[in-house]
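Please look through the sequence and the model shown here, and then read the report that follows.

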Amino acid sequence: MQITDSLATLVSQALESAQASGSLPAAGDVDIKIERPKLAQHGDFSTSLPLALARSMRMAPIKIAEAIAAAVPENAIVGSVNHAAPGFVNFTLSTAWMQSQVDVVREAGENFGSVDIGAGKSVQVEFVSVNPTGPLHVGHARGAVIGSSLANVLAAAGYEVQREYYVNDAGNQMRVFYDTLYSRYMQAAGHDVPLPDPAYPGEYLQDLAADLLKDLGDGAVSKEKPEAIADLAPESLKRTLEHIRGVLGKLGVSYDQWFHESDLLTSGRFDEVLNLLDDADLVVERDGAKWFAATKLGLEEDTVIIRSDDGGPTYFGTDIAYHHEKFIERKFDRVINVWGADHHGHIARMKALLQALGLDPDRLTIILNQIVNFKNEGESLKFSKRNNVMVTVEELLEEVGADSCRFTFLSRSPESHMEFDLGLAKTQSSENPVYYVQYGHARMASILRTAAERKITYESADLSLLTHDRELELIRKIIELPTVVERAAERLEPHHLPHYAMELARSLQRFYEDCRVLSSEEGDLEISMARLQLVEAAKVALSRTLKLMGMSSPERM
RNA sequence: GCGCCCGUAGCUCAGUGGAUUAGAGUAUCUGGCUUCGAACCAGAGGGUCGGAGGUUCGAGUCCUCCCGGGCGUACCA
């Protein structure tokens, strides 16, 4: 149970007992919100419930606050309760309780910070899902970082999480890709085959074609184009996906499943779902194409499911089957898709579709991450696959490093239109907040190492010696982690993690500055032992936070 | 035109679903290393929260309008 939940219960009990004793009048159902005051002098937690009750109780809020504060029952967590103008009840945590938490954190170890709001419900997080037509470029990194961290957070919050990459291996883009690959392959074999129009640009395809020629031989050269492509396609897809998988791995991203769009077509699921829609009278034929009749569901316009030119499904068409598969076949309680903001027009259609399939649209959540504006030394960079100006994720990682990259993307909320200055990220490395956070971890590790070298054991420490302001400040910050995880999971906002990490590292550095852990003085052994336990707890909390962010927790730097 | 998103310190960004005196990093300036790691700590300056109305006892947060920017508005994905 979270501290805030415990406090809410206490407030609820206080309210009831004050009403029972007649010091407060009756009130309707109330939602007790526990907040964190901005100023330390107002305590650790507060509630503005009296302000909300003032109207229905027809009493001055300050009087209500006074009555509630006086009625809070005795308990282990709260040290003192006060009321303050204009109508707050402020709580200060009990010192003894905080001290006891050091042990709780150490015992929880790498599980510290976990909560159980998910209650084992299954949730799928689908992210990146870039067309397998070449290397990932920097614009894809943001969604990768957000999606993977979000998955970590949800797992820590008690959900059964599945991480998925949707491989679009069946659409028009792939056709263009393979057409271009064919030309490049033939060119590599010395034949003058022009590029198709449109064609995929970039050196990647030339390199891939040359590799295929080298590794598979020139057997496809003498074949007709469709047969040649059939020969080359599987291997090119495999290699491209391997490359993508490798780069994402370097970025700290991994998946439980790579789901292929083509499977939806070969398995018959696409046709099946199309029939379902047809039965619901939501498919119309017009201009030789088949449309999803979204206007019948109140949307602005219909959307094509099957093209008129070749009878193939559109991206949205297979996406219908894909989401049907997610909810009906795989039975996910919730599905979260992380999309680039340029796909936002797709959301209303998807939601309408779920409704048409008889599914609650709220089970699908789309997280849009805004396009990243990359700069170099203050100058804006425009990327495009078409005009071949791009920086790959691989290059980004070489320049900036995975941890720094993750921290930077993660510390902005997805909807912010963030700027990423590549030059700055490189040159500012030592001022980068990521190093501040990791340095804190390395420093705690160093203290524990030194303690081990000096053969200091501290299992039997007396935690009641931890009374210094900096020690208590650190404990307060450490035990905040479960609340942070809960909030990040509830709101699907992993960006709270790096901000918490900064605060924790700061509390830790301030503690280090004012509280000597290892002393050469004989009489200091008792306090050293207690502080070593605190250091260990702090390291546990910071390490877990870094892990949730998909970052490393260095023992040395 | 319409739709979605954004506008908070010089710069990059938070702000816990309305609440006690708007925060952090960075940059600038000042001070601090003889014992555990100075990639650190302490302090200072820097804000009409894009603008104007409105709701409210109370608005950076909710509503309306305006200004500025990004992205959509495909039988591409």
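## Polar contacts with the RNA

In this predicted model, the side chain of Gln173 has an N or O atom that lies 2.6 Å from a sugar or linking oxygen of RNA strand B, which is a polar contact, meaning a pair of N or O atoms within 3.5 Å; within protein, one must be able to donate a hydrogen and the other to accept it, and residues adjacent in sequence count only if both atoms are side-chain atoms. Base oxygens of RNA strand B also take part: one is 2.4 Å from a polar backbone atom of Ser308, and one is 3.2 Å from a polar backbone atom of Met557.

Residues are numbered from 1 along each chain as its sequence is written, while chains are lettered from A and ligands numbered from 1 in the order in which they are written. Because the model is predicted, local features need pLDDT of at least 70 and side-chain atom pairs count only at pLDDT 80 or more, whereas totals for chains, interfaces and linings use all residues; side-chain values use heavy atoms, with hydrogens and water left out.

## The surface near the RNA

A residue is near the strand if one of its heavy atoms lies within 4 Å of it, and of the 69 residues around RNA strand B, Arg412, Glu419, Tyr436, Arg443 and Arg510 come nearest. Of the RNA atoms within 4 Å of the protein, 63% belong to sugar or phosphate, and the rest belong to bases.

Helix 16 gives the largest share of this surface, nine residues; helices (H or I, at least four residues) and strands (E, at least two) are DSSP runs, numbered from the N terminus.

## The nonpolar cores

A nonpolar core is a set of buried (under 20% relative accessible area, with a 1.4 Å probe and protein chains only) Ala, Val, Leu, Ile, Met, Phe, Trp, Tyr and Cys residues joined through side-chain atoms within 4.5 Å. The largest such core has 148 residues, and Leu248 is among those with the most contacts inside it. Helix 20 (residues 525-548) provides the largest share of this core, 12 residues.

Another core, of 29 residues, lies apart from it and includes Leu277 and Trp339.

Three strands form an open sheet in the order 13-12-14, with mixed pairing. Strand 12 (residues 373-376) and strand 14 pair in the parallel sense over three bridges, where pairing requires that DSSP finds at least two bridges. Asn373 stands opposite Glu419 in strand 14, and Glu419 is also one of the residues that come nearest to RNA strand B.

How values were computed: Buried means under 20% relative accessible area, exposed over 50%, partly exposed in between (1.4 Å probe, protein chains only).
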